[in-house]
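Thanks for asking me to look this one over. My notes follow as numbered points, with the cut-offs spelled out along the way.

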Amino acid sequence: MNLEIGNFQVKNVQFGQTSSYSEGTLTINKEEALSVVFQDDHITEADIVLAKPGDDVRIVPVKEAVEPRFRLSGGPTFPGVTGKIERVGEGKTVALKNCSVLAVGKHWGSFGDGLIDMSGEGAKYSIFSKLNNICLVADTDEEFERHEIQKKNHAIRWAAHRLAEYLGSIVKDMTPESKEVYDLGPITKREEKISKLPSVVYVMQPQSQIEESGFNVLNYGWDTNRMLPTFMHPNEVLDGAMIGASYMCCSSKWSTYDFQNCPTIKSLYKEHGKTINFLGVIMSNLNVSLEQKERAGMFVQQIATSLGADAAIIAEEGYGNTDADFIECFRLLEEAGIKTVGMTNECTGSDGTSQPLAALDVSADAIVSCGNVSTLIELPAMGTVIGELESLMRDGLSGGWEDDDVLGPSVREDGSIIMANDSMFCGDSVLGQSIKTVKEF
Amino acid sequence: MKKGILYLNQFFGQIGGEDKADFAPVIKEGVVGAGLLLNNLLEDAEITHTVICGDNYMGSNEKEAVEEILGFLEDKEFDIFFAGPAFQAGRYGNASGVICKAVKEKFNVPVVTSMHEENPGVDMFKKDVYILIGGDSAAKMRKDMPKMANFGNKLLKNEEIKGAEAEGYYPRGIRLEVFLEDETPASERAVNMLLKKINGEPFVSELPIPKLDRVPIAPAVNLADAKIALVTSGGIVPVDNPDKIQSSSATRWGRYSIEGLDRLGNKAEGAFKTIHAGYDPAAADADPNVVLPLDALRAYEKEGKIGSIHNYYYATVGTGTAEGEAKRMALEIIEHLRNDGVDAVILTSN
């Protein structure tokens, strides 16, 4: 499969008469863009607000991030979400780099939502602080979940994907400034000098813990809770097949943007043909019951073994209950003689003394740690809030609280906040962007 | 200039050898013996006093020795406390750990000692005090004392402590996140680690698997006489969540009456619901008994299968809840259960 992503480096975003792109400046006709958002009647209010790195701006509650893209080779950019199901990962796609569309609640947050500061101390906690963010700030008529902690956030998340595809279409007839090519042929048809290298699979465990459909990561529009582990081409992951979940503590979360830019896939591609033979991706999941965990682990072990994998990298989207899947899968891969490295974040408590993972096994002897979800973060007020600051403490965001005996409420009257890393938007970047680790003190 | 106090045993305090190991503690002004080296290497601080105590005295009269020494320190002004280095000497290591821990607790100043990895004092005290990784014998004094001085200088200047490995002390069981100075992304770290693992080269896991705490299975109770309590981490609370227990990363728990109830009423009836954010609440909100099985337990009570059900149940939320917090809450709840004469607990999650 050969995928060519044509890149346009966005240095500046502005509103204007005509949606266009020229020499690093993306101009958006707001009315036209909002008409794409309002294609769904459930969107009752919407605005687009721009935030760039260095702005005195705090964004919360952020529900999703999407890189603006447009698939040139037919079919929708996000199959199952912005259109019917067609295979992606082959052909050409254009991408607006250095920017993202953020789905932001105008008022209401939920458990999996996060916070982004565009400058100051808070900006180091999320990679999205370094991007030009096109914030879709919206409200919906989804009354059934208005006051629920867990929200599907369907209307606003889908609107963000439509908006990202619309923005991507602005450059569909232009010549890209640079190109990334991802080319990985059929496993049994590779040159000998490649196939004799150690074979590596990337095992991804996206979030699928909620039994009811609508909360979990989607694979070509299919709820990963209903899926058995399957083999995928890495290009499919890079090209819009995977859609971020609504559920999961936010710093652990993999947004659609993270899937589209998955650094571990890119790193494995870089080594392919040199030090390793990159076989592809085993897409697993993180269902809650023990039997489902065991079944998924069994499938991963079987697929990896059948493919002849010598080594694996495994990454989990979550912590706590999902550590059982992560560790079990790690153990089963090692049991099959597959040398494995795990990627995860930890929950060691704000004082760092708690057991880092809920499940542990001695076979998990090689782990890259991407952060501690319970790190306490205290930040001053920001000049402007996009969204609604109260949501951090009011709506059950995983890293916020209404009250605490020692720390008080998460949001103070002067606009300063205290929160757990848990709600930093996709802050632990377990897909590979994290420059954090966890150390013994 | 800041002030430090140093603890030495009878040998390094120049009182005498093994025959003086029962020497009762004294405090002397200024530096003694090896303290001179430490004093010279402290940058903006001086050792104002030296405490000397025999290793056996501390070993066999720990309580008295600690009290006496803390008494000596009560009227002294000091910003840091050192002990040792204790090298591989077991009794000296124990004494250094005991006194450092006591001084830290009473005076809240930084404490620093140094021991060889095989000194039993390391495992006993590494969680409580900074123990620098030291040599096995007094021949390493010229290496270990400067390390104590350097680390002491850092603490006194409030410089950033960059972790156990970087600073050369034994890990204290505290794991905190740090931003890597070289900003190597996790993807590259993982691929590099994998290549090393494939090639059989040494690699360092960023999350060493810790030793597991195993809890022995409790002795059996006679069910027909037993008073049984229900405890849940499944977040079942009265609908108004009176204790404002957090929906994740909980630090609070609640105690709620179920006296006279045959079953828990549900959310729609304005009775009980779940506030747990880590699972789909629909089933538990419709029937909280699926998480806190009061209905089934009442049936057993009527059948005489169990003696009685405790009149209160206890609840918290077990998602994102740090293990340390869970342990603290459990210990607090256990105290209530013991006072109320509860014989056994049914602990449910979700």
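1. First, a term for the interface: two residues are in contact if their C-beta atoms, placed from the backbone, lie within 7 Å. By that rule, the contact between the chains takes 52 residues from chain B and 69 residues from chain A. On the side of chain B that touches chain A, the elements giving two or more residues are α7 (164–167), β7 (175–179), α8 and α11 (323–339) of chain B. The largest share of that side, 11 residues, comes from α8(B). Helices here (H or I, at least four residues) and strands (E, at least two) are DSSP runs, numbered from the N terminus.

2. A word on conventions and confidence. Residues are numbered from 1 along each chain as its sequence is written, while chains are lettered from A and ligands numbered from 1 in the order in which they are written. This is a predicted model, in which local features need pLDDT of at least 70, side-chain atom pairs count only at pLDDT 80 or more, and totals for chains, interfaces and linings use all residues. pLDDT is the predictor's confidence in each residue, from 0 to 100. Chain B averages 95, and 99% of its residues score at least 70. The model as a whole scores ipTM 0.97 and pTM 0.86.

3. Now the overall form of chain B. Its radius of gyration is 28 Å, whereas a compact globule of 350 residues would have one near 20 Å. The radius is taken over C-alpha atoms, and the globule rule is 2.2 Å times the number of residues to the power 0.38. The C-alpha trace spans about 75 × 55 × 40 Å along its principal axes. Chain B is divided into domain 1 (2–167) and domain 2 (223–348), with bounds that come from an automatic or database domain assignment. The centres of these two domains, taken over C-alpha atoms, are separated by 48 Å.

4. In secondary structure, chain B comes to 11 helices and 14 strands. Among its contacts between residues at least 6 apart in sequence, 72% join residues at least 24 apart.

5. Next, a sheet in chain B. Six strands form an open sheet in the order β2-β3-β1-β4-β5-β6 (chain B), and the pairing is mixed. Two strands pair if DSSP finds at least two bridges between them. The edge strands, each pairing on one side only, are β2 (26–29) and β6 (130–133) of chain B. From one strand to the next the twist averages 25 degrees. Strands β4 (residues 80–83) and β5 (residues 111–115) of chain B pair in the parallel sense over 3 bridges, and Ala83(B) has Thr113(B) as its bridge partner in β5(B).

6. Which strands does helix α6 (residues 141–156) of chain B touch as it packs on that sheet? They are β1, β3, β4, β5 and β6 of chain B, and the direction of α6(B) makes about 155 degrees with that of β5(B). Helix α3 (residues 62–73) of chain B lies across β1 (2–9), β2 and β3 (45–53) of chain B, running at about 150 degrees to β3(B). For these angles, axes are lines fitted to C-alpha atoms, for helices over the stretch in contact, and values run from 0 to 180 degrees between N-to-C directions.

7. Chain A has an open sheet of 6 strands in the order β16-β18-β13-β19-β20-β21 (chain A), with mixed pairing. Its edge strands are β16 (230–232) and β21 (367–372) of chain A. Strand β20 (residues 339–346) of chain A runs parallel to β21(A), joined by 4 bridges; Met343(A) is partnered there with Val368(A). Helix α8 (residues 186–198) of chain B lies across β13, β19, β20 and β21 of chain A, at about 150 degrees to β20(A).

8. Why does Ala250(B) count as buried? Because Ala250(B) has 25 C-beta neighbours inside 10 Å, and a residue is buried if 20 or more other C-beta atoms lie within 10 Å of its own, exposed if 12 or fewer, and partly exposed in between, with C-beta atoms placed from the backbone. Leaving aside neighbours within four places in sequence, Ala250(B) is in contact with Ile245(B), Thr316(B), Val317(B) and Thr321(B). Across chain B, 41% of the 350 residues count as buried.
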